[in-house]
Amino acid sequence: MATTRPLCVALAQVMNDVDIDAICATAAERGADIVVFPEMFSNGYCRFDPESEESRLTWIDAAVPTEGAYVERFRHAARSNGLAVVATFLERGPSKPFNSAVLIDRTGQIILHQRKRHICFFDVPEEACAAGESSSVAKLTTEAGDVAVGILICMDREFPDPTSDLVRGGAEIVLVPNSCRLLDHEAVGDVRVAGVRALAFQSVVGAAVANYPLPKDDGRSFAVDPLGRVVAMGGTEQELVIAHFDLEAIKALQRKEWFRRVR
């Protein structure tokens, strides 16, 4: 499919008590091809009391299956609104849950299933999770053209191996469900934004990060082009942050800067 316009990505900078259908409908009305929700949206990336086994078990018991009612809500929203959706959730596992995301195409089919590889094993709640083992890329068909999409979940963006796997898989756009302070961290400031900018430049990909608003995190959902330039950034409150990517320009730059993608 030939590219006729830029790819439009909506970053759902919202809390998990919103109406998913309404968010997706609004994103579609604003021309979005893809809408991305923040990390572990099924429970709002909530914590449990590390001193309470009951609290820990209750948190784990809230994990949901990939083929279940929770994910089906996003699949229905994708079908109803004709756009792709990145849904995130605490995924039920055989022994421990996973911090997971799925890419759902505009027909409601799951075309990519990603588990967070670099979990925050040193703190609650992710010390109760199992880590994913691999990263892959899916070809997504949109009105803007076909695009190779990969997913990095929050801290995965800070390690080279998941990104290298996506580059080897031919990724053109990397979508990042996130939950942490991005711009206003008391200790490290905006280093996470700088890291994504460097990742995009070093790998010649577009990247888009969806974060929770205040008071949970600091919002500032953002997108960068393959030269590492910030092309969109939200504020701190709930909103849909809209970013555009020129797919033909990304493909051309990947051909020109091919040496950055040798892994």
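Tutor: A polar contact is a pair of N or O atoms within 3.5 Å; within protein, one must be able to donate a hydrogen and the other to accept it, and residues adjacent in sequence count only if both atoms are side-chain atoms. The structure is a predicted model, in which local features need pLDDT of at least 70, side-chain atom pairs count only at pLDDT 80 or more, and totals for chains, interfaces and linings use all residues. Residues are numbered from 1 along each chain as its sequence is written, and side-chain values use heavy atoms, with hydrogens and water left out.

Student: At the start of H1, which backbone nitrogen does a side-chain oxygen of Asp-19 reach?

Tutor: Helix H1 covers residues 20–29 (helices, H or I of at least four residues, and strands, E of at least two, are DSSP runs numbered from the N terminus). At the start of H1, the oxygen of the Asp-19 side chain comes to within 3.0 Å of the backbone nitrogen of Asp-21.

Student: Within what arc do the buried residues of H1 fall?

Tutor: Ile-20, Ile-23, Cys-24 and Ala-27 are buried in H1 (under 20% relative accessible area; exposed is over 50%, partly exposed in between, with a 1.4 Å probe and protein chains only). An α-helix has 3.6 residues a turn, so residues three or four places apart point the same way. The buried residues of H1 therefore line one face of the helix, within an arc, seen down its axis, of 95°.

Student: Which strands and helix do the buried residues of H1 pack against?

Tutor: Packing here rests on contact, meaning heavy atoms within 4.5 Å. The partners of the buried H1 residues are strands S1 (7–13), S2 (34–36), S3 (84–91) and S12 (239–245), together with H3.

Student: In S12, which residue is the bridge partner of Ala-12?

Tutor: An open sheet of six strands with mixed pairing has the order S5-S4-S3-S2-S1-S12 (two strands pair if DSSP finds at least two bridges between them). Its edge strands, each pairing on one side only, are S5 (110–115) and S12. S12 pairs with S1 over seven bridges in the antiparallel sense. Across this pair, the partner of Ala-12 is Leu-240.

Student: Is Arg-75 buried or exposed, and what is its relative accessible area?

Tutor: Arg-75 belongs to helix H3 (residues 69–81). Leaving aside residues up to four places away in sequence, Arg-75 touches Glu-67, Ile-104, Gly-108, Gln-109 and Ile-110. Arg-75 is buried, its relative accessible area being 13%.

Methods
Arc of directions from axis to C-beta.
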